[in-house]
Amino acid sequence: MYVMIGLSLLMAVGFLIAFVWSIRSGQQDDLITPGMRILLEEKEYKNNK
Amino acid sequence: MVELENPLIDTQTTCFHCGEICQDVVIKYEAKDFCCHGCEQVYQLLSDNSLGDYYTCDINPGKAPSKQNFDFLNHPHFRDQLISFSAKGISKVHFHLPAIHCRSCLYLLENLSRIEPSIVKSNLNFGKKELTLWFTEDKIDLGSIAGLLARLGYEPLIDSREEQGQQKQRISQQNQLFLKLGIAGFCAGNAMLFSFPEYLGIEAGNLKSLFGYINIVLGSIAVFYSGSDYFSNVWSHLKIRKLTIELPILLGILVGYLRSVYEVFSHTGAGYIDSVSGLLFFLLIGKWFQQKSFDFLSFERNYKAYFPLVISKFIQGKEQTCPLEEIEVGDHLIIRNQEIIPADAILCRGTSQMDYSFVTGESEYISLEPGNSMYAGGRHQGELIEIEIKKALNQSHLTQLWEQQAFKDPNHKTENWENFANKVGMYFTIILLNLAAVVGIYWFQHDPSKWQNAVVSVLVIACPCALAISYPFALGHGIRWMAKFNFFVKDIQAFERMSQVDTIVFDKTGTLTLHQDTKPTLQLVRDLSQSELNTIYTMVNQSTHPLSRQFAKYLREDFEVKSVDIESMQEIPGKGIESKSHGKIFQIGHARFTGHALVQQQDFIRSESQMFIRIGEERIGFIEFPWQNRAGVEYMLHALQANYEVYLLSGDKKNHAGTLLDWFPNENHYRFECSPMDKMEFIQNLQKKGKQVAMVGDGLNDAGALKQAQVGIAVSEDHLHFTPSCDAILQGKQLVQLPTFFKFAKFGLRLIKMSFVLSVVYNLFGLSYAIQGNLSPLIAAILMPVNSLSMLLIANVGMNWRGNRLKSYFKQAKGD
């Protein structure tokens with residue numbers, strides 16, 4: 001029982017750390033561009049290479 | 001030379017690159033039409049580098065290229081400012097590119113390395129319109145990169161150092177709030193989880209106290225880290241003896257938290273940690289939501305942003321470029337056509353037509369001879385001149401405005417202004433504290449075991465979280481909706497001030513009146529022959545002067561003209577254009593240039609918007625481009641008068657106003673020949689009479705008034721254009737919708753007041769339990785989130801409903 005509680009807390013803290021890290025590393029700075037970037041096609045460049 | 005073949009004048013061909021209607025000569029390349037060689041070159045450049053996909057992402061994605069020279073960026077001053085990081089020969093630089101608008105831009109800019117191999121990598125932030133480049137500094141310099149971007153149609157906007165600093169500060173604040181929000185959410189969620197046994201009444205034995213301790217840890221993080229802003233804000237307000245809405249909120253949170261700590265450690269209960277951290281979470285969501293910022297706009301520009309970044313200076317007889325900051329008294333500067341005078345100076349060489357319209361609102365140009373003095377901010381028209389600086393940059397006539405109190409005090413508008421929340425907050429706090437005291441004393445006398453519990457419950461349950469939540473959501477939505485119609489409000493405080501406005505002051509030149517969009521009137525002594533028309537058209541079409549451009553456009557639209565061969569063509573800056581055709585000299589330009597008698601001008605005061613025509617010895621007449629009222633302005637003024645007092649301020653002379661004056665009630669409501677300082681004082685006087693003033697203006701001459709007024713609205717033709725420091729930026733076309741925007745702001749505040757009444761009902765319900773001293777944690781845990789959530793719901797649904805109505809209204813307005 002206590003192990004389970006400890007585990008659940010550990011997981012929660014893990015997510016919290018992931019969240020803090022994502023902000024620190026600037027992942028939330030730009031939420032628009034990546035979505036547009038993925039729609040652009042790259043094929044022409046590869047042919048020329 | 002002008003190309004003779006010109007077959008496509010009437011059919012409207014659009015440019016393959018930029019989508020503009022090809023004005024004159026259509027350039028054909030690879031079976032595609034282009035409006036100018038610039039666009040064609042961009043196309044060639046892109047297709048040579050196999051970036052042709054640029055044109056497949058969007059239809060006519062390009063912007064006409066600019067030829068601005070960016071070599072000044074190579075000066076060490078700018079290198080330090082722009083390059084953020086440099087190692088192993090690779091440097092990182094940020095450029096702000098306002099022209100970014102579609103997916104094609106993204107495609108092109110992120111593949112810049114294919115065009116210029118010395119650019120290693122490029123990364124675009126679409127929302128901020130900011131491009132980050134990594135490049136090899138040995139192979140290419142900053143000026144060439146900026147030049148390349150400008151050639152592609154993305155002219156970089158170089159921000160001043162202060163603006164960059166402000167932006168950085170804002171971003172770090174945003175990130176910190178986000179972090180606090182996330183952590184509050186984490187604490188609230190987990191605290192609820194650990195309070196579950198308590199909700200359900202399960203006997204958990206030892207676990208109960210363990211859960212209690214875990215909750216205390218979570219609650220401490222939420223209150224002291226996530227809620228830290230409340231502590232500092234309340235403290236700074238108390239120091240100036242001010243009660244704000246934040247005080248009862250903090251009191252509720254703190255009392256709830258301390259009570260919980262006491263209960264857990266004394267094993268008397270489970271506390272309200274879950275409600276407290278949940279409330280904090282909701283409050284922070286609201287704060288985060290209200291922080292809508294328009295990264296691509298600047299509301300804080302001062303005169304420096306209007307000035308050139310570099311100037312040409314004479315140092316020991318040689319011309320050198322140097323940054324603006326390095327100007328000193330006694331320096332000799334070179335000013336070219338269309339450049340701006342950076343500081344008060346004396347004209348040494350050459351003559352000038354000085355255009356002060358942006359600084360003073362005066363629409364007539366002023367002729368200057370050597371020895372005359374000139375003031376900072378004027379735009380020089382004419383030949384190259386040399387000037388000697390007489391006053392330091394920050395002491396000039398123009399910049400004195402920025403030495404006024406309104407500009408120096410950063411809290412000029414926010415601190416001295418009582419908003420609804422703070423007014424309510426003050427009474428709320430007083431009532432709440434009294435109520436808690438009465439309840440405490442009552443129970444202390446009748447049943448001492450209950451007094452603590454009752455006081456705590458009162459403070460926790462009556463916390464005015466509803467206001468704190470419905471406020472940011474309702475107003476945040478308000479800002480977002482307005483932005484959809486090109487009205488950008490700086491923050492929610494400005495939005496709220498908008499709802500209180502009862503007096504609106506307009507600037508004339510550039511705000512209510514416009515040079516563009518008007519049909520000029522032609523006043524001639526005789527009709528012109530077709531070949532004469534063609535010659536005139538060819539001449540004005542080659543000139544870069546704005547009036548020439550409009551003249552050419554007018555001729556194109558109203559006459560059948562075409563470009564012809566002309567023998568010689570000469571543009572004399574500040575005077576006009578001259579050429580020879582069919583053995584006759586054609587002159588178009590200023591009255592003095594063509595030798596028109598000045599007598600003729602007395603009826604036509606607006607001489608600077610006239611172009612005179614002379615063929616041979618014959619003075620034919622002139623074409624006039626009147627400053628005309630913006631379309632729909634009369635209707636708007638009429639509509640506003642029902643609910644507001646309207647005033648007109650202008651730097652111009654009275655006889656320039658024309659029919660506009662009919663729309664103002666009497667002569668106390670307009671004033672002419674105002675200096676920027678006069679305008680500011682005019683607003684101050686209105687405010688002294690207790691008016692809530694909104695100022696609508698456009699140029700630097702309105703900067704003081706915009707700053708002084710409760711709401712300063714800057715009108716801008718496109719938002720890349722310079723706008724002085726203000727509270728809101730409005731697109732010129734939407735000016736006529738001003739009454740609608742004000743109505744919307746009023747609705748927002750009404751909605752908040754309504755939801756406040758509802759939350760008081762909730763609170764009274766909760767209080768009825770709390771006063772009796774038997775508020776169970778379960779009821780507190782249900783009541784508080786329900787209260788917060790219903791506030792959230794009302795704000796969201798209400799504002800979106802009204803916003804959608806606004807949307808259909810605007811659609812209709814467009815259709816008409």
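**Burial, disulfides and the chain interface**

Analyst: C726(B) counts as buried, at 3% relative accessibility; buried means under 20% relative accessible area, exposed over 50% and partly exposed in between, with a 1.4 Å probe and protein chains only. This is a predicted model, in which local features need pLDDT of at least 70, side-chain atom pairs count only at pLDDT 80 or more, and totals for chains, interfaces and linings use all residues. Residues are numbered from 1 along each chain as its sequence is written, chains are lettered from A and ligands numbered from 1 in the order in which they are written, and side-chain values use heavy atoms, with hydrogens and water left out.

User: What relative accessible area does C674(B) have, and how many disulfides does a search of the whole structure find?

Analyst: A disulfide is a covalent bond between the sulfur atoms of two cysteines. The criterion is a pair of cysteine sulfur atoms within 2.5 Å. The search over all chains finds 0 disulfides. C674(B) has a relative accessible area of 3% and is buried.

User: Is N787(B) buried or exposed, and with which residues is it in contact?

Analyst: N787(B) is buried, because its relative accessible area is 4%. It is found in helix 27 of chain B, residues 777-815; helices (H or I, at least four residues) and strands (E, at least two) are DSSP runs, numbered from the N terminus. Contact means heavy atoms within 4.5 Å. Apart from neighbours within four places in sequence, N787(B) is in contact with C465(B), A466(B), S759(B), Y762(B) and N763(B).

User: How many helices and strands does chain A have?

Analyst: Chain A has 3 helices and 0 strands, in the order α-α-α from the N terminus. Of its 49 residues, 18% are buried.

User: How is the interface between the chains described?

Analyst: The size of an interface is often given as the accessible area lost when the parts come together. Here chain B and chain A bury about 2,400 Å² between them, 69% of it on carbon and sulfur atoms; this buried area is the accessible area (1.4 Å probe) lost on being put together, summed over both parts. On the side of chain B, R103(B), L179(B) and F186(B) lose the most area to chain A, together 21% of what that side buries. The contact takes 29 residues from chain B and 24 residues from chain A.

User: How many salt bridges does the rule find across this interface?

Analyst: A salt bridge is a side-chain nitrogen of Lys or Arg within 4 Å of a carboxyl oxygen of Asp or Glu. The rule finds 0 salt bridges between chain B and chain A.

Key. Buried area is the accessible area (1.4 Å probe) that two parts lose on being put together, summed over both.
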